[in-house]
Amino acid sequence: MQLHHNKHHAAYVNNLNITEEKYREALTKGDVTTQIALQSALKFNGGGHINHSIFWTNLSPNGGGEPKGELLEAIKRDFGSFEKFKEKLTAISVGVQGSGWGWLGFNKDQGRLQIVACSNQDPLQGTTGLIPLLGIDVWEHAYYLQYKNVRLDYLKAIWNVINWENVTERYTACKK
């Protein structure tokens, strides 16, 4: 994960900073064509930064187990059981074609939890409106050193480091 953080996440941040500078210049000049041309780089690198920033807080060497309290009750309500939730998020994540993310999000309008996948570095809230609670990076850069190209083994293992305190804090905050 250090390589993942120090190389991959850092590249999204650096490229976002460069793109934002170009965007500011285009705004100053009133260059709408360049502003439009920069949108995909903003989405990709901005999404990479947003997604990874959530991902790091969702992990802990002391993680694993199950959430407690209100989050666990919401998981049971919306997915039937914690095991069914894990199975569904794992299945959605393993099924991402190419690169992307598996997400547990909160639908504020419905007051319910939802599981979705996003392609590439598409940020959950910016592309679906769901508030991100738990993100699982399924780009090969997240697991290739330890798990080679066996995404399912990585997904089985990631449940051992999920920081449920962080996910619960996110859940509590988005309900306000």
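Q: How much area do domain 1 and domain 2 bury between them?
A: In this predicted model, domain 1 and domain 2 bury about 1,600 Å² between them. Of that area, 59% is on carbon and sulfur atoms.

Q: Which residues of domain 1 lose the most area to domain 2?
A: They are Asn51, Phe55 and Asn58, which together account for 37% of what the domain 1 side buries.

Q: And how many residues are in contact?
A: The contact involves 16 residues of domain 1 and 27 residues of domain 2.

Q: What does UniProt list for residues 67-170?
A: The unreviewed UniProt entry lists "domain: Manganese/iron superoxide dismutase C-terminal" there. In the model, that span is 46% helix and 22% strand, and its end C-alpha atoms lie 12 Å apart.

Q: Changing topic to helices: at what angle do H4 and H9 pack?
A: Helix H4, residues 69-79, and helix H9, residues 164-174, pack at about 80°, with axes 9 Å apart. The two helices are therefore roughly perpendicular to each other.

Q: Which residues make that contact?
A: H4 contributes Glu70, Leu71 and Ala74, while H9 contributes Trp164, Val167, Thr168 and Tyr171. By class, the contact has 5 nonpolar, 1 polar and 1 charged residues.

Note on methods: Residues are numbered from 1 along each chain as its sequence is written. This is a predicted model: local features need pLDDT of at least 70, side-chain atom pairs count only at pLDDT 80 or more; totals for chains, interfaces and linings use all residues. Side-chain values use heavy atoms; hydrogens and water are left out. Axes are lines fitted to C-alpha atoms, for helices over the stretch in contact, and angles run from 0 to 180 degrees between N-to-C directions. Helices (H or I, at least four residues) and strands (E, at least two) are DSSP runs, numbered from the N terminus. Angles under 35 degrees count as roughly parallel, over 145 as roughly antiparallel, 65 to 115 as roughly perpendicular and the rest as oblique. Contact means heavy atoms within 4.5 Å. Ala, Val, Leu, Ile, Met, Phe, Trp, Tyr, Cys and Pro count as nonpolar, Asp, Glu, Lys and Arg as charged, and the others, Gly among them, as polar. UniProt positions are given in the numbering used here, feature names are shortened, and annotations may be inferred rather than shown by experiment. Buried area is the accessible area (1.4 Å probe) that two parts lose on being put together, summed over both.
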